[in-house]
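Visitor: I am new to this structure. Please walk me through how to read it.

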Amino acid sequence: MVGSPRYQIILLPVQGYWEWVQAVRDYAIHFHVSLTPKPENAVNFHYPDQAITVVDLPGAYPDHDPIEEWFAENSLQVPLDIIEVTNPLQLRTILADRISNNRRYGDADPSPASEIAAADFSLVWPTDYQSITQPFAANPDLYSRWGLPGHEGLDIRAPMNAFVYACADGEVYRVHNGTGGEPYGIHVRIRHRDGYKTIYAHLNQALVHSGQNVKAGDVIGLADSTGNSSGSHLHLTLKKEGATASGETNFPHDIIDPTPYLVKKTAERIAQFRYDETWSHDKALVGVVARQGGPMEDADWEVVRAARVEALKMTTNHTSEDITRARQIKRDMLIVVQLTADLSGGPVSAARFADIVDNHMWRSYSQGVRYFEVHDSPNLTAQGYGVTWQNGREFGQWFLEVVGLLRPQFPEAHFGWPALYPGSSISGIRFDDEAFLESAEGAVRHADWIGCRCYWCSEADLFSVDGGLSYQRYLDGWADKLLMITGFSNPSPGVGLHQKGSQYLQYFRHLQTEPGVGAAFAETISSAGGTINHVWRTEDGRPTPIVTAMASRLA
């Protein structure tokens, strides 16, 4: 294997998942490894800079069996570290040996699931969105009506008017305007060397012309849903001259699978755009959420000073003195203000919300605050879901209207998409956060930055894509947006504050190596109700062990 992966994730069997988690706990903590029971999460985790350790035993992944073959088709050259075991105890023994010898992957480096076809030819990722929504050869029953053995390309996430890039150097040999019932709608075809051709379909607009020479990464069009399409995305088809006749593919017209040729954009490329264009800091700032249920007190400011906090998140109920005191402690303290209003009593229009927060926002803006999170947890019933909006799409429209009303008054403000409360739907309480986000993606694209929340309840979940690392789907989905984790914690009452402090320190250290994360705010510095079990100080003013842990990072 060339080089070493920057990240590692362990795929664990779904059956008895928590027993497997306990078996890998010490290893995961020692090597800072993430965990997941979902093969798709493992593939998308920091691609292409990760290795995947697969805990394999018969029947472990019934929907992806055999798992090695599934990875060979879907992992796009991700190195695999296969561990064949029969029970969690055996796995614990193997990993303990790796820890004692300080050998992350045992006696051999992980190797790719499959070799890239025609290694001297590759395709750069054609959009800014690093996810495949329909793989090659999928849905054979559907595509058989057109004489195809399955989906004849890749569908790649691309919201309307997102840039579409050429996958490789070549010459544009056709630009179709989408007329005449063309199934691909508006599309571009490029001829490359060695008999390869690519097709970029369902565009809103082609930005190149026939006969034009292009380089890999050149913008060639804007995405949309023209032709036979049910939603905005990019359809990519790859052809290789003679592939059908030679038996290289069972698809007609020389169509081959583009998957093994694709190279996703690296985190470094994405980070360079973020830090150069939208952010003045070169690593994630250490932040905390201001006092809950009341104004900041002297004891809170002592915690800010002792923990060497670099960023504070406040609500519109803060005072002017709060901003002054924050800047006295740290002159360049980042302050993010969450624009809030009571939406529990009935529908609140965007105009009414903007009117409510206007004066509060001006107080912050006049003191130099420029980052504002528009509302809080809009997928919760208590925050407007089911009354002011019914889904993510409707909230997105409301969000854009609010921003449109406020921006002329506050032209230098950066308006953030609010963090959703993570979790699946609960009737009368919460709308599934992933579904809410998906239906609102058009509005998210127009936000200046994105907020998200991350929670975990155990050491193993700290570096799990379903726990502390859940923010990564935002990095993958919105590569051109600054991300702030506007709330995170381990809320478990069964985990002590010493352990939480240690976890928070590990978490911040990890985030400061993570390109694209601007700041992270731990919940919460203190609580007027005194009931939160992850506060940074008690109500009698004593700092908790979390503060000591945070201060130690600069010792």
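Visitor: Over the ring of which residue does the charged end of Arg-191 sit?

Guide: A charge sits over a ring if NZ of Lys or CZ of Arg is within 6 Å of the ring centre and within 35 degrees of the ring normal. The charged end of Arg-191 meets that rule over Tyr-173, 4.5 Å from the ring centre. Arg-145 does likewise over the ring of Trp-146, with 5.2 Å to the centre.

Visitor: What kind of model is this?

Guide: It is a predicted model: local features need pLDDT of at least 70, side-chain atom pairs count only at pLDDT 80 or more, and totals for chains, interfaces and linings use all residues. Residues are numbered from 1 along each chain as its sequence is written, and side-chain values use heavy atoms, with hydrogens and water left out.

Visitor: How many residues of strand β3 are buried?

Guide: In a regular strand, side chains alternate between the two faces of the sheet. Strands (E, at least two residues) and helices (H or I, at least four) are DSSP runs, numbered from the N terminus. Buried means under 20% relative accessible area, exposed over 50%, partly exposed in between (1.4 Å probe, protein chains only). Strand β3 covers residues 50-56, and seven of its seven residues are buried. One side carries Gln-50, Ile-52, Val-54 and Asp-56. The other carries Ala-51, Thr-53 and Val-55.

Visitor: Which strand do five bridges join to β3?

Guide: Two strands pair if DSSP finds at least two bridges between them. Strand β1 (residues 7-11) runs parallel to β3, joined by five bridges. Tyr-7 stands opposite Gln-50 there. Strand β4 (residues 79-84) also pairs with β3 in the parallel sense, over five bridges. In β4, Leu-80 is the bridge partner of Ile-52.

Visitor: How many aromatic pairs does the structure hold?

Guide: A pair of aromatic rings is described by the distance of the centres and the angle of the planes. Rings of Phe, Tyr and Trp (its six-membered ring) pair if their centres lie within 6.5 Å; planes under 30 degrees apart count as stacked, over 60 as edge-to-face and the rest as tilted. The structure holds 26 such pairs.

Visitor: Why is the pair of Phe-163 and Tyr-165 edge-to-face?

Guide: Their planes are at 65°, so the pair is edge-to-face, with centres 6.3 Å apart. Phe-163 is partly exposed at 41%. Tyr-165 is buried at 9%.

Visitor: Where are Phe-395 and Trp-417 in the chain?

Guide: Phe-395 is in helix α10 (residues 392-406) and Trp-417 in strand β22 (residues 414-417), 22 residues apart. Both are buried.
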